[in-house]
Amino acid sequence: MISVSNVSMRYGGKILFEDVATTFLPGRRYGLTGPNGAGKSTFMKLLSGELEPQKGTVVRPKKIGVLRQDQFAFDEYRVIDTVIMGNLPLWKALEEREALYSKADLTDEDGMRLGELEGIVAEEDGYSAESDAAVLLDGLDIPEPLHDRKMGELQGGQKVRVLLAQALFGRPAALLLDEPTNYLDLESIHWLQNFLTHYDGVLIVISHDRHFLNSVSTQTADIDYQTIITYPGGYDDMVLQKTQIRARIEAENAQREKKIAQLNEFIARFSAGTRASQVTSRKKEVERLQVTELARSNIQRPYIRFEMKRPSGRHALELKDVTKGYGDLEVIRGFSAAVQRGQKVALMGRNGAGKTTLLKALLANAPGVDDPDVGPDSGVVTWGHEVQVGYFAQDHRGSIRNGTTVADWLHDFDPQASKEEIRGLLGQMLFSGEEGMKPTDALSGGEAARLIFCKLMLQKPNVLVFDEPTNHLDLESINALNIALQKFEGTVVLVTHDEDLVDEVATRIWTFEDGRIEDFLGSYEEYAAAAAT
């Protein structure tokens, strides 16, 4: 159990939350939600003990698993050892035991200490530690040949998965996971969902993946209105209940305001007359009917709408026998397909399977793309008549020029656009007022993503190509993107590990495995049903 009593945190004049009192119980899985900047990560650090509250107390169990955010902290350690470090008492006992066994001569005191250490190792399941760690790593798609490698040899996404295995290792009484699905492919996310639904301790997880939260959470702790309110159910359940509660209070307030206005009118008419007792009674009634004060929500919802200047021809894209590799590694082998106008293609597969590689091969000669990449090694990619491509790169931050302002950078893409049009677009994407003059060098990941959406809305292409667009977005922005892509009448080619986005947008699935691509014409639901038979 984790207990929070009267906890407050503020930075300068900004209150994150005040006098929060709540309890997180074993056997329950809590999704921690709230917009970017609401204080989710700060609250997680309070729960783990990394931060002390400015006011109040936090009581926590001794053994807590925490997803570490520093990818470089363990670069000198083996992958398997990094996982075992998730159980710190065990790891310290193993290290001390190894140091004693390496001594040429053991004293009687050393022998006594070895006995104590063997007891700790046995109590902490140390004799099966490497095999238990290997099971976690395999489930998170870290193959056995990498288990003995140094962490410094792994790619960023692989490191994140090892650190996730570290948090899960040793059966901690509580698990605190901040964005555990980042850099995970769908297969790894499904494995993690299954693992967490069978976990019987306290789970608190921050995620911007709506499907993941709905699948895992039994409760949702929402940070808003400068407090934390816990609702039963997943993210969608929370949104529904929160909306209903807010609507009910607003309706009650409207009724009270109407009644107060009627009472005040009576008081004003008869206060100087002979009905003093009735006036006094009405004044007391006004005091009793005071309207419930509604705190302002921190949630901001962007408005995304993708339009086309003109539609493309019927045939948007054709690939003939496309092959692409790196050195001796053939990532894509002889792939052919024809994409019709209006189709929405989701590219799915494990990390490193070739999804981004195919996108870059497609974009090498794409009309409207500013930074074309290297094309396929062989085969032909042909874009259709009147096609104009809008591209959201996985490393999209690098496509925004530094040394300028948000508004000026956006204006470069359509010099004919008026200042009002630019300001309106920026406002839709939550760059309000003076934020349009913000230096591009100072943009966060989420702000950079929203600025790219502004660019695409300004350019109005008829083909949209997205490579992991949700990585830095909060749930409100992801939901807005989802709706915008569903309504877009043009063609979409999309790489994402957000299951709801694939499920609700895609009309066609390309699945990558071992250099081959399976082309399925239909929705993700139909694809999953076919794959299960």
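Visitor: Hi! What should I know about the model and its numbering?
Guide: The model is predicted, so local features need pLDDT of at least 70 and side-chain atom pairs count only at pLDDT 80 or more, while totals for chains, interfaces and linings use all residues. Residues are numbered from 1 along each chain as its sequence is written, and side-chain values use heavy atoms, with hydrogens and water left out.

Visitor: Thanks. How far apart are the end C-alpha atoms of α6?
Guide: They are 19 Å apart, which agrees with the 18 Å that the 13 residues of α6 (residues 156–168) should span at 1.5 Å a residue. The expected span is 1.5 Å times one less than the number of residues. Helices here are DSSP runs (H or I, at least four residues), as are strands (E, at least two), numbered from the N terminus.

Visitor: How many of the residues of α6 are buried?
Guide: 12 of the 13, so α6 is largely enclosed by the rest of the structure. Buried means under 20% relative accessible area, exposed over 50%, and partly exposed in between (1.4 Å probe, protein chains only).

Visitor: And what covers those buried residues?
Guide: The cover includes β5 (64–66), α2 (79–84), α5 (129–139), β6 (174–178) and α7 (186–197). Contact means heavy atoms within 4.5 Å.

Visitor: New topic: what's the strand order in the open sheet?
Guide: The 6 strands run β5-β6-β7-β3-β8-β9, with mixed pairing. Two strands pair if DSSP finds at least two bridges between them.

Visitor: Which strands stand at the edges?
Guide: β5 and β9 (227–232) do, each with a single partner strand, so one side of each is left without a neighbour in the sheet.

Visitor: How many bridges join β3 to β7?
Guide: There are 3 between β3 (residues 29–33) and β7 (residues 202–206), and the two strands run parallel. Arg29, for instance, has Leu203 in β7 as its bridge partner.

Visitor: Now α13 and α14. At what angle do they cross?
Guide: The axes of α13 (residues 419–428) and α14 (residues 445–459) cross at roughly 135° and come within 9 Å. Axes are lines fitted to C-alpha atoms, for helices over the stretch in contact, with angles from 0 to 180 degrees between N-to-C directions.

Visitor: Which residues make that contact?
Guide: Glu421, Ile422, Leu425, Leu426 and Gln428 of α13 meet Leu451, Cys454, Met457 and Leu458 of α14.

Visitor: Last one: is Thr22 buried or exposed?
Guide: Thr22 counts as buried, because its relative accessibility is 13%. Thr22 lies in β2 (residues 14–24) and touches Ile2, Ser3, Val4 and Thr230, not counting residues up to four places away in sequence.
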